[in-house]
Amino acid sequence: MLENSQILVLLSLFSVFYVVQKFVDFRKAVHAVNDWPGFRTLFDDRFLLFPLRARGINPGPQWSFDTKYRDFADAGRDVLAAVNAFPRVRITFYVADPVVTKEVVGARARFPKPLQAYEILKTFGSNILVTEGDIWKRQRKIAAPAFSERNNRLVWDETVHILEDVFQNVWGDKAEIEVPHIMDLTVPITLLVIGVAGFGRRMLWNEDKIAPPGHTMTFKEALYEVSHRLFLKVIFPGWMLRWGPSKFRYFAQAYEELEKYLAEMVHARRTAEVKEERHDLFSNLLDANEGEDDSDARLSDEELVGNVFLFLVAGYETTAHTLAYAFILLALYPDEQEAFYQNIKSVLPSDRNPTYEDFSSLSYALAVLNETLRWFPPVVHIPKKSAEDTVFNVTNPSGEKATIAVPRDSTITICVPSLHHNSRYWDEPEAFKPARFLGNYPRDAFLPFSGGPRGCVGRGFAETESVAVLALVVSKYRVEVKDEPQFRGESFEQRKARLLKSQHSLTIYPERAPLVFKRR
Ligand code: HEM
Ligand SMILES: *[C@@H]1O[C@H](CO)[C@@H](O)[C@H](O)[C@H]1NC(C)=O
Ligand SMILES: *[C@@H]1O[C@H](CO)[C@@H](O)[C@H](O)[C@H]1NC(C)=O
């Protein structure tokens, strides 16, 4: 038997050994990157038990959204090499350098995705965001063609249709419409768009809530609930959702309902005598899956559902949040809004609605979208890893050339807001100037949709929808910040900070931004 004192000695010895080992590993990692500047912390930015920024402890979750280019400017480097101690000693390269970014997103085999970072997005089935290698390749090859030109046209036409319904039947003949929080407008719009252009279901803003036979919820209710609380599915096991508090049970019910609707849609399409010509993403996926005997060219039913859910997750929040920021920025910068309005008028001199053919002429709207995405890229950090020992050749802001050693298995995180505010490439990065995108802009320093083979497959979808929404709304309404008595005395900077104050879930979004839409 060991005496208490002996146990104590053993424990102390063990602790000393552990600390020394950690220290040695940490020094080794710092040495492996030749002490390249960057954070030296206890934890890395993904450590959820301490999700705050604190010197020496954690750089902070999605820290680059808050500090933009500042940490890079302070270090005089466009790539930082961070080393953290717990739970395991790890090296992370944070990148705000366009040349390195281009190399990393362009070489899928050398810089694959760290799949453990995507585990949570796998819950509803294997899909193209959470896979790598051959599985990803097969799925992407089948899924990418669903985002066709025909689908973009459908996105456009249906977006216009949805807005017409809002203008006529929801906003009616009111000269001023107060929107207590801009997300109350952009979230339902994008939901209706993904409903019809993603799932082939036309829905209205004010729809009656009578569920069809065999269902306990309408498609819209189920879609709305699932997309809003999908994080529950990610965090809690199925039994807890089914038997937990009523909020959980409602979500579980909505999820089951949505699965049932999807199964019915698959069945209806597979058994239809004459196929309707439809170009929503789901129909496109089903069509691509049919008539192929070769199992390499097909998605399993699980993958089919996984990808459709992924389109919902990937395509709806991102676009809703981006449009919310765009309206806030237009309200904060009336001169920019006026320039945009004049451009719309020059493309559409009469009062007719813009058509898909106008998309390319409405480049100013795309510039407004791009400038919004430059400030508020919904996906803040894009993670990759290094599959091999390699180097980054960089030029420091001081002009001196340097080589950074990148050991195998290092994490590489592209800091999109930092890249988008890198003052070596952008003039006045703090200014809202959509027109900068109409001339020559630093293309490689702009990456809201990631790039290369793993870039966003829904970019055309998002751009089409956003341009239609921005052009149509601004052509008919002037957007202003709501005048609230308690904020009368604030300065422009205070107002800007108040309206743009953000939160993050999977993506970033504005906390509270009351706007007014005044008919022109
Ligand atoms: C403003 C809107 C959007 C932004 C900013 C955006 C951004 C991104 C980014 C940064 C990635 C790469 C993620 C990573 O590497 O971890 C990505 C991937 C993806 N996005 Fe988007 N996205 C948007 C809209 C959409 C839409 C509308 C859809 C579909 C309807 C969509 C579907 C996807 C899919 C399926 C992937 C995975 C591609 C792959 O890994 O092969 N996105 N998106
Ligand atoms: C906007 O950005 C995209 C890249 O995301 C680019 O292809 C497009 O040309 C840009 N257009 C304008 C007008 O800013
Ligand atoms: C980086 O520079 C070294 C020489 O300094 C060269 O051998 C190597 O090919 C370069 N790597 C890349 C990826 O450009």
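**Close-up views of a predicted model**

View 1. L13 sits in helix α1, which spans residues 4-32 (helices are DSSP runs of H or I of at least four residues, numbered from the N terminus). This is a predicted model, in which local features need pLDDT of at least 70 and side-chain atom pairs count only at pLDDT 80 or more. Residues are numbered from 1 along each chain, ligands are numbered from 1 in the order in which they are written, and side-chain values use heavy atoms, without hydrogens and water. The relative accessible area of L13 is 53%, so L13 is exposed (exposed is over 50%, buried under 20%, partly exposed in between; 1.4 Å probe, protein chains only). Together with L2, I7, V9, L10 and L11, L13 forms a nonpolar surface patch of about 560 Å² accessible area.

**View 2. C415 and C456.** The whole structure contains zero disulfides (a disulfide is a pair of cysteine sulfur atoms within 2.5 Å). For C415, the nearest cysteine sulfur belongs to C456, 19 Å away. C415 has 0% relative accessibility and therefore counts as buried, whereas C456, at 39%, is partly exposed.

**View 3. The surroundings of ligand 2.** Residues around ligand 2 include S363, L366, A367, F437, Y441 and E463 (each has a heavy atom within 4 Å). Helix α15 (363-375) and helix α17 (459-476) each supply at least two shell residues; the largest share, four residues, comes from α15.

View 4. Taken alone, ligand 2 exposes 360 Å², of which the protein buries 79% (Shrake-Rupley method, 1.4 Å probe).

Notes:
Patches are made of residues with over 30% relative accessible area and no salt bridge: like charges are joined within 9 Å, nonpolar side chains (Val, Leu, Ile, Met, Phe, Trp, Tyr) within 5 Å. A salt bridge is a side-chain nitrogen of Lys or Arg within 4 Å of a carboxyl oxygen of Asp or Glu.
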